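I opened this entry to get my bearings in a new structure. My notes follow in the order I looked things up.

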Amino acid sequence: LVLMIVLGLTATWCGVGVNLPILSQIVQEDRRATIMAWEGTLESSCSAIFGNAAVGFLAQNVFGYDLDAARSDIQEDQSENTKALGTALMMVSFFPWLLCFVCYTLLHWSYPRDLKWLRESGAAASGPRVLEDLRVDEASREKGGQAGPPEATSDDPATSEKGDAAGAIEDAAAAARASD
C-alpha cells in the first residue's frame, strides 16, 4: 500500500519534470512539438499494448492463474487467482519502474555531456533563427557591408557573451542587425 501511494505521488514527475524539459533543451525548436508528441505516443501506446499482455501472460503462465476457475459461476475461493493476478500486476509495474529509475539516474551522467556537446557543435542550440541570422550576415558581406565580429556571428554558443544558446542567438541577431 505504501509503495503504491509513493508511486502514485511521484510517477507523474517524470514526464513534466524530466522528459519535457530535457527534450525542450536538446531538440531544435522547429522539431520540439513533433519529438514530444512521438515521445508521448510511444510511451503511452507501448504501456497500453505490452503492459496488458504481460499481466495476462505472467498471471496465467508463471503465477498459475486458473482461467477456468475464474469463468465458473460457483463462488469458490479465488485467493490463488487473486494472488496470481496481483503478483503479475506488481511485476509488470515494478520492473519497468526499476528500469526507469536506472535510466533517469544515468541522465545525471549523460545529460551534462549532451549539453556540452550541443554547445560545442551548436547543433540543436543554434536552431533555425541563428542559421537565418548567419545567412543575413553572409548576404550583407556579399553586398560589401561590414560583418559583425567573428565571435558574434559564430554559431557556437560557448563563444557568446552569456555562454549559452540564448546568448548565441541574441549575439548573432545583434550582429546581423549591426551589419544592415
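This is a predicted model: local features need pLDDT of at least 70, side-chain atom pairs count only at pLDDT 80 or more; totals for chains, interfaces and linings use all residues.

**Helix 3**

I began with helix 3, which has 31 residues and reaches 42 Å from its first C-alpha to its last, close to the 45 Å expected at 1.5 Å a residue. The expected span is 1.5 Å times one less than the number of residues. Helices here are DSSP runs of H or I with at least four residues, strands are runs of E with at least two, and both are numbered from the N terminus.

Residues are numbered from 1 along each chain as its sequence is written, and side-chain values use heavy atoms, with hydrogens and water left out.

Which residues of helix 3 are buried? I found Gly51, Val55 and Ala59. Buried means under 20% relative accessible area, exposed over 50%, and partly exposed in between (1.4 Å probe, protein chains only). Helix 5 is part of what covers these buried residues. After helix 3 comes Gly64, with a positive phi near 80°.

**Overall layout**

I counted eight helices and zero strands. Buried residues make up 23% of the 180 residues. I then looked at contacts, meaning heavy atoms within 4.5 Å. Of those with a separation of 6 or more, 59% join residues 24 or more positions apart.

**Confidence**

I checked pLDDT, the predictor's confidence in each residue, from 0 to 100. The protein averages 75, and 66% of the residues score at least 70. Over residues 128–138 pLDDT stays under 50, and the model has 20 contacts for them beyond four places in sequence. Residues 146–163 also stay under 50, with 39 such contacts.

**Helix 5**

I turned to helix 5, residues 79–121. Its 43 residues should span 63 Å at 1.5 Å a residue, and its end C-alpha atoms are 60 Å apart, which agrees. Where does helix 5 bend? I found a bend of about 45° at His108, with a proline, Pro112, following within four residues. The bend is the angle between axes fitted to the seven residues ending there and the seven starting there. Just after helix 5, Gly122 takes a positive phi of about 70°.

Buried residues of helix 5 include Ala84, Ala88, Val92 and Tyr111. Asn81 counts as buried because its relative accessibility is 6%. Beyond four places in sequence, Asn81 is in contact with Gly64, Tyr65, Asp66, Ala69 and Ala70. Gly64 is the residue I had noted after helix 3.

**Asn19**

I found Asn19 in helix 2 (residues 13–26). At 14% relative accessibility, Asn19 is buried. Setting aside residues up to four places away, Asn19 touches Cys14, Glu39, Glu43 and Tyr104.

**Cysteines**

How many disulfides are there? With a disulfide taken as a pair of cysteine sulfur atoms within 2.5 Å, I counted zero. Cys100 is in none; the nearest cysteine sulfur, that of Cys14, is 6.4 Å away. Cys103 is in none either, and the sulfur of Cys100, the nearest, is 6.5 Å away. Cys100 is partly exposed, with a relative accessible area of 30%. Cys103 is partly exposed too, at 42%.
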